[in-house]
Amino acid sequence: MRVNPNMVPDILADMQQSQSAVNIALQEVATGKKVTVPSDNPAAAADMVQNTLETANVDQYTQNVSTMLSMVQTADSSLGSVVTSLTQAISLGTEGANGTNNTSNLQAIASQVQGILQSVVAQANTSYQGTYLFGGTETSSAPYTASSSSSSGYTYNGNSDVNSVAVGDDMNVQLNLPGSQIFSNSNADVLGSLSSLVTALQSGNATAIGTATTAVSAALSNVSQQRVFYGNAESQLNSQETALQQETVSLTSQQSSLVDVDEAQAATDLSQAETANNAAEAAAAKVLPQTLLNYLVPTQ
Amino acid sequence: MPDITAMGGLNTSLFIGVQALEVSQGALNATSNNIANSNTAGYVREIPEISENPETVSSGVVSGGGVSLNGLQSVRDELLNLQIQQQTSAQSSADTESSALEDIQTNFSSSGSDIASAFSAFSSSLAQLSADPSSTSAQAGVLSAGQNLAGAFHTTANALTTQQSAMNTQVTQTVAQINSLSTQIAQLNGQVAQLTAAGKDGGTIEDQRDELVQQLSQLTGVSVTQSNDGEVITTGNGTPLVMGSQSYSLQTTTGSDGVQHVLDSNGTDITTTLQGGQLGGAIQIRDQVIPSYLTQLNTLASQFASAFNAAQAKGYDSNGKAGQNFFSVPASGAGAAAGISVSITDPSQIAISSDGTSGSNGNVANLSAALTNALPSGQTPSQAYANLVFQVGNDTSNASAQSTAIGQNLTQLTNQQGSVSGVSIDEETTNLIRYQTAYEAAARIVSTIQQLGTVTLDMGSGQSY
């Protein structure tokens with residue numbers, strides 16, 4: 001059978017193919033990616049859309065968790081100081097109610113309790129990087145300010161709303177409790193009870209001092225109860241931080257299995273493609289110039 | 001008279017020798033023509049048709065009739081030509097689609113400025129706002145990420161429409177090329193028909209015509225049949241391009257949809273029936289592929305904008321006002337991707353608060369949910385976009401795989417055609433030696449007969465040489 005005498009198109013096609021294999025292998029080694037355009041692997045490219053979104057979100061959630069942890073820890077330590085202060089106020093109240101104190105002693109105790117009241121107010125006005133922690137969603141102004149019209153001497157400027165922060169897809173962690181629930185709760189009013197204790201101590205009425213001290217105790221137990229929220233939030237955030245770290249790892253590994261190239265494999269592919277290309281070129285160089293004319297001796 | 005018979009014999013031999021010289025010369029001519037055209041596109045090798053002349057019997061004496069050259073015959077296989085034309089159309093169509101899609105898909109690869117990256121940046125800017133709702137930099141971050149997202153939609157939509165208009169231009173240009181080829185083919189067709197009618201081989205004119213038909217099949221899918229007047233060439237659906245020596249031009253006109261439509265010579269719109277070749281590929285990309293992508297992109301842009309605006313409306317901005325539209329899209333929905341824009345101008349207009357206080361972040365969760373909740377299409381924005389990416393990638397890889405597969409098929413057919421019609425230098429060199437030897441031998445016959453004639457004439461003169 002006659003064979004196609006024109007080998008040029010075949011040889012060219014083969015060389016183009018091997019050249020293109022070299023180009024692809026080179027690009028994979030150079031970029032470290034096996035999917036640079038969607039057609040390289042449409043399914044992987046589609047999955048990467050979700051992966052890109054998730055990765056960016058998880059990065060931001062991780063930052064959010066760390067910001068929130070600082071805020072929650074600041075709030076928790078403020079409430080810790082409040083607990084210490086209230087415990088101290090209760091022992092001062094108990095001391096004032098035992099009937100052995102003269103007026104000047106009671107006045108001294110009263111001014112100590114007054115000092116405690118001021119330090120508690122300062123804690124209630126704690127801010128983290130300019131954000132007030134106990135004002136509900138009124139975060140830009142101090143929640144408690146002195147007011148002569150209020151029985152406790154302080155008025156609450158915040159609201160009863162709370163903020164929740166995104167720390168995961170469909171996961172929002174509540175960041176704060178409004179001050180009205182902790183410091184000026186109508187059933188266990190920290191500021192009100194301390195203020196009454198000061199008044200009772202100043203008046204020297206043992207019964208009133210006793211009643212006020214009991215009220216401070218009730219306020220203390222309320223603060224301790226509310227403080228549990230911050231402890232919970234802290235542990236929730238810590239466990240979410242771990243979860244986010246794991247998610248980052250799994251997203252990164254998904255990304256590498258989807259689009260990243262196996263370096264060893266890519267290097268091997270490249271060297272194979274080069275060998276094949278050299279062989280194709282060498283073969284073309286050997287075969288193309290050969291015709292019968294090479295072997296015919298020209299006649300004189 | 002026997003001596004007269006002998007002289008007649010010498011003359012006959014001389015005559016045969018001259019014929020042999022002529023035939024060998026003709027064969028050498030064919031060989032040299034083959035070698036000369038060994039690299040000519042579309043050239044089909046020619047072989048000399050040599051036949052022996054009938055022997056003559058006169059007065060009981062038999063003498064050979066010699067040889068004659070009837071002509072040159074092109075060695076071609078019409079069936080292979082047809083298959084090659086079909087495959088060429090298919091490959092050229094796949095190549096056109098593949099190269100357009102290669103261009104398109106770069107807009108869908110993760111470049112950092114693509115829609116997927118813009119969605120991610122927008123989503124994480126909202127998460128950041130959630131942690132720090134009163135920070136002006138976090139608010140400005142959301143606004144600029146929103147603007148980038150709108151920008152990414154514009155870039156992608158514009159790239160699609162640019163490609164679409166490039167395809168549109170290609171339609172006009174290709175139709176002009178088709179018309180020019182049809183005219184040339186019709187002309188050659190007439191000449192071939194005349195040769196055939198005279199019982200001759202079409203030869204080089206047929207080669208030229210086949211080469212032009214081959215070029216035509218790259219431009220559009222054609223169907224070729226033979227008739228008494230020569231070849232009849234129609235488009236795939238039967239619109240005539242060439243009938244005998246008559247050509248029919250296609251026309252283009254701007255349709256009501258703003259793109260170029262192709263009309264046959266009677267003015268009938270045949271755009272949708274054209275398949276194969278550059279024209280078929282360009283029409284496929286322009287009228288099917290890109291509109292389908294654009295529709296999906298527009299749906300995504302318009303549904304996402306509505307969902308996000310609805311989330312804005314649920315909250316209050318930093319000035320305590322009810323949230324106004326964040327994005328604006330053209331009302332019609334078509335052109336949403338190209339026309340989406342951010343309608344708020346100040347970061348304080350982002351509806352962060354759920355209660356009207358500036359420190360609340362209650363509505364950020366609603367804004368974020370617009371990115372993760374299903375749109376009316378049933379998919380979340382990122383799913384809808386991921387689907388589009390998959391489709392673009394899949395279409396591109398299919399078009400290029402198809403082109404490769406057809407290319408292999410075509411290589412095989414071309415090899416087959418080459419094995420029938422291609423000029424082999426080795427073969428021609430061998431023929432050259434063969435015809436050279438035959439020519440030399442024929443020349444020897446002539447010179448021998450000449451010597452014999454001289455000897456015979458001098459027989460009685462007594463002179464010797």
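V242(B) stands opposite S247(B), a residue of strand 8 of chain B. The model is predicted. In it, 45 residues of chain A are in contact with 52 residues of chain B.

**Sheet of chain B**

- The pair V242(B) and S247(B) belongs to a region where strand 7 (residues 240-243) and strand 8 of chain B run antiparallel, joined by two bridges.
- Helix 4 of chain B packs on the sheet and touches strand 6 (230-235), strand 7 and strand 8 of chain B. The direction of helix 4 makes about 155° with that of strand 6 of chain B.
- The sheet is open and has four strands in the order 5-6-7-8 (chain B), with antiparallel pairing.
- Strand 5 (222-227) and strand 8 (246-247) of chain B are at the edges with a single partner strand each, so one side of each has no neighbour in the sheet.

**Helix 4 of chain B**

- Helix 4 (residues 136-197) of chain B has 62 residues, which at 1.5 Å a residue should span 92 Å. The end C-alpha atoms of this helix are 90 Å apart, in agreement with that value.
- After helix 4 of chain B comes G199(B), with a positive phi near 75°.

**Helix 2 of chain A and its partners**

- Helix 2 (residues 42-97) and helix 6 (residues 206-258) of chain A have axes that come within 6 Å and cross at roughly 160°. Because of this angle, helix 2 of chain A is roughly antiparallel to helix 6 of chain A.
- The contact of helix 2 with helix 6 of chain A involves 29 nonpolar, 17 polar and seven charged residues. Helix 2 passes helix 6 of chain A in a left-handed crossing.
- With helix 3 (residues 103-124) of chain A, the axis of helix 2 of chain A comes within 10 Å, at a crossing angle of roughly 165°. Helix 2 and helix 3 of chain A are therefore roughly antiparallel to each other.
- Helix 2 of chain A also passes helix 3 of chain A in a left-handed crossing. Residues in this contact include V82(A), A89(A) and L92(A) of helix 2 and L106(A), I109(A) and I116(A) of helix 3.
- By class, the contact of helix 2 with helix 3 of chain A has eight nonpolar, eight polar and one charged residue.

**Helix 1 and helix 7 of chain A**

- Helix 1 of chain A packs with helix 7 (residues 263-287) of chain A at an angle of about 160°, their axes being 8 Å apart. The two helices are therefore roughly antiparallel to each other.
- Their crossing is left-handed. Among the contact residues are I11(A), M15(A) and V22(A) of helix 1 and L270(A), A273(A) and A280(A) of helix 7.
- The residues of this contact divide into 14 nonpolar, three polar and five charged.

**Hairpin of chain A**

- Strand 5 of chain A and strand 6 (residues 171-174) of chain A run antiparallel and are joined by four bridges. V165(A) has V173(A) of strand 6 as its bridge partner.
- The two strands form a hairpin with two residues between them, and D170(A) in the turn has a positive phi of about 60°.

**Interface of chain A with chain B**

- Of the 45 residues of chain A in contact with chain B, helix 2 of chain A gives 17, the most.
- Helix 1 (8-31), helix 2 and strand 5 (164-168) of chain A are the elements that give two or more residues to this side.
- The side of chain A that touches chain B has 20 nonpolar, 19 polar and six charged residues.

Definitions and conventions:
Residues numbered from 1 in each chain as written. Chains lettered and ligands numbered in written order. Predicted model: local features only at pLDDT ≥ 70, side-chain atom pairs only at ≥ 80, totals over all residues. Axes fitted to C-alpha atoms, helices over the stretch in contact; angles between N-to-C directions. Parallel < 35°, antiparallel > 145°, perpendicular 65-115°, else oblique. Left-handed = near helix turned anticlockwise from the far one by under 90°. Nonpolar A, V, L, I, M, F, W, Y, C, P; charged D, E, K, R; others polar. Contact = placed C-beta atoms within 7 Å. Pairing = 2+ DSSP bridges. Expected span 1.5 Å × (residues − 1).
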